[in-house]
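Take a look at the sequence and the model first, and then we can walk through the pairs together.

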Amino acid sequence: MSESQKISAAVAKLYDTYPFPPEPLLDEAPPGYNWRWNWLTASAFCTGQKPASTQARILDAGCGTGVGTEYLVHLNPDATVVGIDLSAGALAVARERCQKSGATGVEFHHLSLFDVDQLPGEFDLINCVGVLHHTPDPQGGIQALAQKLAPGGLLHVFVYGELGRWEIKLMQEAIALLQGDRRGDYPDGVAVGRQIFAALPENNRLRQREKERWSWENQRDECFADMYVHPQEIDYNINTVFELIDASGLEFVGFSNPQVWDLERLVGTAPDLLERAQGLSDRQRYRLIELLDPSAITHYEFFLARPPLSRQTWADDNALLNAIPEPSPCLENWQDSPQFFNQDYQLIKLEQSPWQFLVACGQAAGSQTVGELLETVESTLEDVRSLQRQNLVLLSPGQA
């Protein structure tokens, strides 16, 4: 057995022992949403416009127990969804989860990322969350996925960041040292890790970080095992994550949590520093942000695309006036008040002018153009652009 096969077998054993994620199975659709798993909102975020078709083909690569897969099915009722995973145990839970909640538009395959070429056809959206960093060859894994992406298709990736997980890495090594030749006995690793945390002084940095950041989810052994006794983990920084991106051969579209990568949130009170930073490349600016706020960078989440990716900036007034607007499907309680939760579950408050346009969009239900709606409300084109930039309104190109 090769080293790569040994690692894959160890990872499969972990998830057969502790199927992950351990969320409960429901008799109904899962609550809320993740806009990154909605083909319409993910595509609009990356391109500036609503996709031409809702009939996407979606792959959940490394689906685990199907928590994300279930959302993908319910959030994309016109799509075809495929889930693959290395763990037979996790897949059994995924099948039961989706069957129980009525997420029947999905098929599962017991495959690793490296065997994804066995699936027929290409995919419009590939979701690969928390997987590549647990493989023996992340670059090979992302290249395999890139080959299955349709032209203009999107790949959403989530990998760990080394700076925000520094204490986790220390605890992983400590548990491994105490396990000795019992490493690979995952229940024993969980027991050792819990004993360590219980014994450490209250003011110990590792214990404090666990208590502040992770302890709520780590009450469950499945989460604790995934975090602290995983047999394979590669953590990234900005430099190495872009090495991974470059190896994919795909186009970097952007981070799907862009608010984290806004330098103004850190040094906005020092205009001279912002001016100096303008001379940096994008990657240098990203590196500066993670150096200044390391504890915040526990992971990287980003979209890649296979060219050509058609984009629309809506800078042209005529194009915008002829566009068909509709509210994002990933909003809550926006009809009754200008204060509501956006797609990232952040509470925002709109001015009356853009909010009136948003409400008018909902009432029109995609039947009127921006120009037609502007005749009915006291809103402006800049209001529309602002709503689009905030991902509150989706725009479809209209007839010129």
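By how many helical turns are Arg-285 and Asp-282 separated in helix α13? The answer is about one, because the two residues sit 3 apart in α13 (residues 282-292). This is a predicted model, in which local features need pLDDT of at least 70 and side-chain atom pairs count only at pLDDT 80 or more, while totals for chains, interfaces and linings use all residues. Residues are numbered from 1 along each chain as its sequence is written, and side-chain values use heavy atoms, leaving out hydrogens and water.

**Overall count**
- With a salt bridge taken as a side-chain nitrogen of Lys or Arg within 4 Å of a carboxyl oxygen of Asp or Glu, the count is 19.

**Within a helix**
- Helices (DSSP H or I runs of at least four residues) and strands (E runs of at least two) are numbered from the N terminus.
- Arg-285 and Asp-282 form a salt bridge, with their closest N and O atoms 2.6 Å apart.
- Asp-282 is partly exposed at 43% relative accessibility, where partly exposed lies between buried (under 20%) and exposed (over 50%), using a 1.4 Å probe and protein chains only.

- Glu-251 and Arg-311 meet in a salt bridge of 2.8 Å, N to O.
- This pair is 60 residues apart, linking strand β6 (residues 251-255), which holds Glu-251, to the loop between β7 (299-305) and α14 (317-321), which holds Arg-311.
- Glu-251 is partly exposed at 25%, and Arg-311 is partly exposed at 42%.
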